[in-house]
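This report goes through a protein model together with its DNA. The sequence and structure come first, and the notes follow.

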Amino acid sequence: MNYNKELAKIFFSMANYLEMDEASFRSNAYRKVAGVLEMLDKDVKDVYSKGGLKSLEEIEGVGKNIALKIEEFLKTKKVKDFDRLKKKVPIKLDEIIAIEGMGVKKAKVLYEKLKIKNVKDLEKAAKKHKIALLEGFGEKTEKNILEGIAFLKRSSGRFLLGEATFITKDILRKLENLKEVEKLNVAGSFRRRKETIGDIDILVVSKKPEKVMDFFVGMDNVAKVWGKGSTKSSIRTEEGIDVDLRVVPAKSFGSALQYFTGSKEHNIVTRRIAIDKGLKLNEYGVFKGKKMIAGKTEEDVYKAIGLNWIPPEMRENQGEVVKKIPKIVELGDIKGDLHCHSDWDGGDNAISVIARRAIEKGYEYIGISDHTQFLKIENGLNEKELLEQKKEIEKLNKKFKIKILWGCESNILPDGSIDISDDVLKQMDYVIAGVHSSLKMKEKEMTKRIITAMKNPNVDIIAHPTGRILQKRDEYNVDFDEILKAAKENNVILEINSSPYRLDLKDSNIKKAKEMGVKMIIGTDAHHIQQLDLMKFGVSQARRGWAEKKDIINTQPLVKLLKYFK
DNA sequence: GCCGTTTTCGGCCCGACTGTTTTCAGTCG
């Protein structure tokens, strides 16, 4: 069990129940500690077993009381106070407040007046027009509830960053071409490059806001207009994603961008820093009394409160405002891609085509890493075919001015062995190994399986190390700390897979790997030359994990790169 | 319920919008 996650869920929920009775500061304390636990890079179970209650209290936001509740949960898998709260108001609160516009106060009233316990009850009552009759509610609220439920049914409510990218780029391009738009930037979780995003926030500066808004709500892919004003308009696109457009004053563009980029937690901390310095920070600027002292650019805003500008990917209140922040890796640092599939294993393009595209991208090297024989469904290559491929690559290397490396994406079999003989593996420039079968193993076995593969002297890189597929498949059951240790001991590189469906390693694991001194590589897993462009997703993921150029080996020139391979 | 080079008590981020009211509570970001 992931105790951090389970406890975070319980404390979030407790915060919501407590908020019903206006115990807001207490509620906020629970909410805060839930957020801390969710992001914590240590296991509370380990913290407790090493230092007991005292150590738990060293965790931010954990005091005597909450430490006791953590202890209780570790021992009994229960938190009695939570059960008591649920018993008092026996409703599916989390489910109800997931609906846009519904909060705990409304949920409480609906339970007390109409005995509404879950979304099903809520939908029924709304359809019978029982809700509009209640004091404090009305026709509009009832309609919004039904629409909110319909939306939740249609989607999980969040979109993958990769899915949202095309739509966002399209809208930005359209707005950019509008002569009334002076300045323009995307904000929100999209700008922070979170793996999933809730909606898209766009800020513009314009002297003619009405014209911009008219254009915005009239775009050809608008399915629904939520609202249109002179400072803010909201639409839903045909793809089902909500987009907010805000017009802000030029002198406040930087502070608005800072504010709407978030994250919420980052903003809370930056605002507190402002207060400590006798200043006030909001979306309009930084103020000393009534006097505005910054706001035009983000750099000015951060400087005014005594901070250096912070890359958006790092704005998650993970220490970025208190620690000295490193210079994180950039897309321009990348010198090559070593996770590419050619038409040898059923990919779309010949090696020569891939090489040409890599040259266009300005790469110094490109690695071909086709699947190997165990993966029949992907046309995996056997030893004989790999050796033929070697000859082909040698030929092409004489023709092309880019270095083509000969690798493979081999399979880690359930016992940890590789599906290609060591004799062939050791001839290759590099070897990627990944788990592609028997995904449901127990944690101990899966961890042992991967570590066994890492100990193979021919294995250089572990592909998509935790195996997750976003919104579809959880990570394998694996002890990631053990994987890190083994990676360090055996000089094995962990991949950051750039596929927007994977983004594996995730940000927090990248941060851990970096702290352990484990090297990483960013690969696209491209099956088509267009997918070589996915590199930017892997890079932003690496940035969210604070990775520097030196942590990512495919930022290194060829000679240095080869030294990392065993 | 947590936290503390001003505090072990008295604070806890802040503004806008929505839908409901007729001055505001609830929700959101």
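The model is predicted. Helix H21 itself covers residues 507–516, and its buried residues are Asp-507, Asn-509, Ile-510, Lys-511, Ala-513 and Lys-514.

## The seven-stranded sheet

Strands E16 and E17 belong to an open sheet of seven strands, ordered E11-E12-E13-E14-E15-E16-E17, with parallel pairing. Strand E11 (336–340) and strand E17 (520–523) are at the edges; each has a single partner strand, so one side of each is left without a neighbour in the sheet. Strand E16 (residues 493–497) pairs with E17 in the parallel sense over four bridges. Within this pairing, Glu-495 is opposite Ile-521 of E17.

Two helices pack on the sheet, both touching E12 and E13. Helix H16 (residues 351–360) touches strand E12 (365–371) and strand E13 (403–411), and its direction makes about 145° with that of E12. Helix H17 (residues 383–399) also touches E12 and E13, and its direction makes about 160° with that of E13.

## The surface near DNA strand B

DNA strand B is surrounded by 38 residues, of which Gly-63, Gly-138, Tyr-259, Arg-271 and Arg-272 are the closest. By class, this surface has 14 charged, 13 nonpolar and eleven polar residues. Of the DNA strand B atoms within 4 Å of the protein, 72% belong to sugar or phosphate, and the rest belong to bases.

Backbone atoms of the protein lie beside phosphate oxygens of DNA strand B at several residues, including Gly-61, where the distance from a backbone N or O atom is 2.8 Å. For a backbone N or O atom of Lys-106 the distance to a phosphate oxygen is 3.1 Å, and for a polar backbone atom of Lys-105 it is 3.3 Å. The elements giving two or more residues to this surface are helices H2 (24–39), H4 (64–76), H7 (104–114), H9 (139–154) and H14 (264–276), along with strand E8 (280–282). H14 supplies the largest share, five residues.

Strand E6 (residues 232–237) has five of its six residues buried, so it is largely enclosed by the rest of the structure. E6 runs antiparallel to E5, with five bridges joining the two, and a hairpin of three residues connects them. Val-222 has Thr-237 in E6 as its bridge partner.

Five bridges also join E6 to strand E7 (residues 242–247), again antiparallel. Here Ile-235 is partnered by Val-243 in E7. The hairpin between E6 and E7 has four residues, and Gly-240 in its turn has a positive phi of about 95°.

## Asn-221

Asn-221 is in the loop between helix H12 (209–217) and strand E5 (222–228). Is Asn-221 buried or exposed? Its relative accessibility is 7%, so Asn-221 counts as buried. Apart from neighbours within four places in sequence, Asn-221 contacts Ile-167, Asp-170, Lys-174, Arg-236, Thr-237, Glu-238 and Glu-239.

## Helix H13

Helix H13 (residues 253–261) is largely enclosed by the rest of the structure, because eight of its nine residues are buried. The buried residues are Phe-253, Gly-254, Ser-255, Ala-256, Leu-257, Gln-258, Phe-260 and Thr-261. Gly-262 follows H13 and has a positive phi, near 70°.

Conventions: Residues numbered from 1 in each chain as written. Chains lettered and ligands numbered in written order. Predicted model: local features only at pLDDT ≥ 70, side-chain atom pairs only at ≥ 80, totals over all residues. Heavy atoms only, no water. Pairing = 2+ DSSP bridges. Contact = heavy atoms within 4.5 Å. Axes fitted to C-alpha atoms, helices over the stretch in contact; angles between N-to-C directions. Buried < 20%, exposed > 50% of the residue type's maximum accessible area, 1.4 Å probe, protein only. Near = heavy atom within 4 Å. Polar contact = N/O pair within 3.5 Å; in protein donor to acceptor, adjacent residues only side chain to side chain. Nonpolar A, V, L, I, M, F, W, Y, C, P; charged D, E, K, R; others polar.
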